[in-house]
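Please examine the sequence and the three-dimensional structure shown below.

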Amino acid sequence: MTHSSSPPFHIAVIGGGPAGLMAAQAAADQGAQVELFDAMPSVGRKFLLAGRGGMNITHAEGYQAFVSRYARQAHRVKPALDQFGPQKVRDWVHGLGVDTFVGSSNRVFPTDMKAAPLLRAWLHRLREAGVQFHMRHRWTGWQDGQLAFATPDGERLRSFDAVILALGGGSWARLGSDGAWVPLLQGQGVTVAALAPANCGFDVDWSEHFSSRYAGEHLATVAITAHDIDGLTVKRQGQCVITAGGVEGGLIYALSAALREQIARDGSTTIWLDLAPDHSHERVFEEVTRPRGARSMSSHLQSRLGIKGVKSGLLRECLGAADFADEAKLAAAIKLLPVTLQRPRPIDEAISSAGGVDFDGLDGSMLRAMPGVFVAGEMLDWEAPTGGYLLTACLAQGKAAGEQAVAWLEEKVNAR
């Protein structure tokens, strides 16, 4: 806590997503006077939309496995998670009066699956802690050492003892995270890796015939073989969706970081679909080569292996007529059907983004180039799959930034 002799520190938080709200809470809990600014008419817009299909707060797998989901940047994200990891996130949600449960695949949800009650309880707590909210304040950078905001009433300049930036990545711009902060920080000498789509779909050059017939179809039981971020071959089973111009869905998102990098390096990349993941290659070969009398190969595959509809369409799309007629090649393709991905979908369609402020330019959460300016959340250069990992890291980094901002200010006072 600040000593009675020093006035409360005045801290600005810019960005009203999970990282910014948690930074505001942490700083206010340490006795600071906090004002939060957001360009949108209300806070937590992406948080609320992400919660539409069930608010996935965090993940209940073992901690080592949890940390490994941040891949190459795990060691950068771990310090904040060590202080505020999955269990502490659940405790904090419970403290807001919302119960949680662990669903299938270890994902953790509020009992009612909704984001809105959680956000309401949180905002009530923040207001009780004295946090002031300024909506429709778009931060436009610094002017003579002051923060500049574009507001409905014109430009406003404000001074603070410290600033916490939690401006999000570059996906879903209409909800507020538009990446407009990138040139503002670069102009101050901060190194920022280009923002790129994460947890995204990919374009495939489908034929018009295939696209018009199968766009929107789900591949419910399918496995994908691909190369992971370290170039190793991995096979994962799950679900994906055929789109008019490509593929998307959970199974694709989980591999998106590696696929995006491969396309950047090689111009395109290939994944292999297993259309019959419950059957061995031997079994598939046996069924394909079984005598079928007058039946067409398509109806034969449907009756023997359950391959029909979009799966049947994929085989015809990705195999030439000659290969489709060659039983050995057809059997091999059912287990390993190559699909070429041309490019990731645009960043604004992605669930999240990669790239951002380089960790090498930070002391803890503070920008080395700008003492007194702290950063948190998706604007930092890390990414994670869906499953509660994005939200947990944003909350953990927000908490770290809020606490570190107050600690830094206290140190300054004590050094006088």
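## The nonpolar cores

The largest nonpolar core has 82 residues, and those that touch the most other members are Tyr-70, Leu-165, Leu-185, Val-357 and Trp-382. The largest share of this core, 13 residues, is supplied by α16. A nonpolar core is a set of buried Ala, Val, Leu, Ile, Met, Phe, Trp, Tyr and Cys residues joined through side-chain atoms within 4.5 Å. Buried means under 20% relative accessible area, exposed means over 50%, and partly exposed lies in between (1.4 Å probe, protein chains only).

The model is predicted: local features need pLDDT of at least 70 and side-chain atom pairs count only at pLDDT 80 or more, while totals for chains, interfaces and linings use all residues. Residues are numbered from 1 along each chain as its sequence is written, and side-chain values use heavy atoms, with hydrogens and water left out.

Which residues does Trp-382 touch, not counting residues up to four places away in sequence? Its partners are Tyr-70, Gln-73, Val-77, Ser-353, Ala-354, Gly-355, Phe-359, Gly-377, Leu-390, Ala-393, Cys-394 and Gln-397. Contact here means heavy atoms within 4.5 Å.

## The chain as a whole

The protein chain contains 16 helices and 22 strands. These elements are DSSP runs numbered from the N terminus, with helices (H or I) of at least four residues and strands (E) of at least two. The C-alpha trace spans about 95 × 40 × 40 Å along its principal axes. Of the 416 residues in the protein chain, 51% are buried. Among contacts between residues at least 6 apart in sequence, 69% join residues at least 24 apart.

Helix α4 (residues 74–83) packs with α16 at an angle of about 75 degrees, and their axes are 8 Å apart. That makes α4 roughly perpendicular to α16. Axes are lines fitted to C-alpha atoms, for helices over the stretch in contact, and angles run from 0 to 180 degrees between N-to-C directions. Angles of 65 to 115 degrees count as roughly perpendicular. On the side of α4, Val-77, Ala-80 and Leu-81 take part, and they meet Thr-392, Ala-393, Ala-396, Gln-397 and Ala-400 in α16.

## Salt bridges

How many salt bridges does the structure hold? There are 22 salt bridges, each being a side-chain nitrogen of Lys or Arg within 4 Å of a carboxyl oxygen of Asp or Glu. Some of them are listed here.

| Pair | Distance, N to O |
|---|---|
| Asp-203 and Arg-345 | 2.8 Å |
| Arg-260 and Glu-383 | 2.7 Å |
| Lys-329 and Asp-323 | 3.5 Å |

The side chains of Asp-203 and Arg-345 meet in a salt bridge. This pair links distant parts of the chain, 142 residues apart: Asp-203 is in strand β12 (residues 202–203), and Arg-345 is in the loop between β18 (343–344) and β19 (352–357). Asp-203 is buried, at 9% relative accessible area, whereas Arg-345 is partly exposed at 28%.

The side chains of Arg-260 and Glu-383 also form a salt bridge. Arg-260 lies in helix α10 (residues 256–266) and Glu-383 in the loop between β22 (373–375) and α16 (389–415), so the pair ties together parts that are 123 residues apart in sequence. Both Arg-260 and Glu-383 are buried.

Lys-329 forms a salt bridge with Asp-323. Lys-329 is partly exposed, with a relative accessible area of 45%, and Asp-323 is partly exposed at 28%. Salt bridges that share partners join Asp-203, Asp-205, Arg-343, Arg-345 and Glu-349 into one network.

Is Ser-171 buried or exposed? Ser-171 is buried, with a relative accessible area of 0%, and is located in the loop between β10 (162–165) and α7 (181–186). Its side chain reaches the backbone oxygen of Ala-350 at 3.4 Å, and a polar atom of that side chain lies 3.3 Å from the backbone oxygen of Ile-351.

Arg-45 belongs to helix α2 (residues 45–50) and is partly exposed, at 29% relative accessibility. The side chains of Arg-45 and Ser-42 are joined by a polar contact of 2.7 Å. A polar contact is a pair of N or O atoms within 3.5 Å; within protein, one must be able to donate a hydrogen and the other to accept it, and residues adjacent in sequence count only if both atoms are side-chain atoms.

Technical notes:
Angles under 35 degrees count as roughly parallel, over 145 as roughly antiparallel, 65 to 115 as roughly perpendicular and the rest as oblique.
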